[in-house]
Amino acid sequence: ATLITQALLAMGPDDPVGDEDFRDALGEVANVVGGNVKSLVPESGRLTLPEVTHERPSSDGCSLLHELALSWRGRAIVISLWQLPG
C-alpha cells in the first residue's frame, strides 16, 4: 500500500505516507478498478464508494463474486469484488 501510494502521488521512496495520502491513493485505485469492472459486466449494477481502511472490512452477509491475485513491483496485491447484502 505504501509503494502504491508513493507511486501514484509521485513521492520519493523515503517520503512518509500519511493516512490521508493512503486513503486518496487507494481510493483512486478502487475507483479505477471499479469503473473498469462495471464497464465489463453485461448488467450494470450499483457500486458503492470505496472505503479505505488499514483493516479488512467485515464481510458478514456479503458474497465474494470474484478475486484476482496480481503482482505489482514484486509485491502481491489481491483485488476482490463483493456483493453487499440487500
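What volume does the largest pocket have? In this predicted model, the largest pocket has a volume of about 2,200 Å³.

## Overall layout

The protein chain contains two helices and two strands. Read from the N terminus, these elements follow the order α-α-β-β. Along the principal axes, the C-alpha atoms occupy a box of roughly 45 × 25 × 20 Å.

The chain has 86 residues, and 12% of them count as buried. Its accessible surface is about 6,900 Å², with 53% of that belonging to carbon and sulfur atoms. Among contacts with a separation of 6 or more, 28% are between residues 24 or more positions apart.

## The largest pocket

The lining of the largest pocket is made up of 50 residues. Those that lie nearest the pocket centre are Ala30, Ile79, Ser80, Leu81 and Trp82. By residue class, the lining divides into 28 nonpolar, 14 polar and eight charged residues.

Four elements each supply at least two lining residues: helix 1 (2-8), helix 2 (19-40), strand 1 (63-72) and strand 2 (75-83). Helix 2 gives the largest share of the lining, with eleven residues.

## The strand pair

Strand 1 (63-72) and strand 2 (75-83) also line the pocket, and the two strands are paired with each other in an antiparallel arrangement through nine bridges. Within this pairing, Leu70 stands opposite Ile77 of strand 2.

The two strands form a hairpin, with two residues between them. Arg73 lies in the turn and has a positive phi of about 55°. As a general point, side chains in a regular strand alternate between the two faces of the sheet.

## Thr5 in helix 1

Helix 1, another contributor to the pocket lining, includes Thr5. Is Thr5 buried or exposed? Thr5 is buried, because its relative accessible area is 0%, and the cut-off for a buried residue is under 20%.

Which residues are in contact with Thr5, leaving aside its neighbours within four places in sequence? They are Met11, Val17, Asp21, Phe22 and Ala25. Of these contact partners, Asp21, Phe22 and Ala25 have positions within the range of helix 2 (19-40).

Notes:
Residues numbered from 1 in each chain as written. Predicted model: local features only at pLDDT ≥ 70, side-chain atom pairs only at ≥ 80, totals over all residues. Heavy atoms only, no water. 1 Å grid on protein atoms, 1.4 Å probe; cavity = no way out; pocket = protein on both sides within 12 Å on 5 of 7 lines; lining within 4 Å. Points joined across faces, edges and corners; volume = space filled by probe spheres on them. Nonpolar A, V, L, I, M, F, W, Y, C, P; charged D, E, K, R; others polar. Pairing = 2+ DSSP bridges. Buried < 20%, exposed > 50% of the residue type's maximum accessible area, 1.4 Å probe, protein only. Contact = heavy atoms within 4.5 Å. Areas by Shrake-Rupley, 256 points an atom, 1.4 Å probe, with all protein chains shown as cover.
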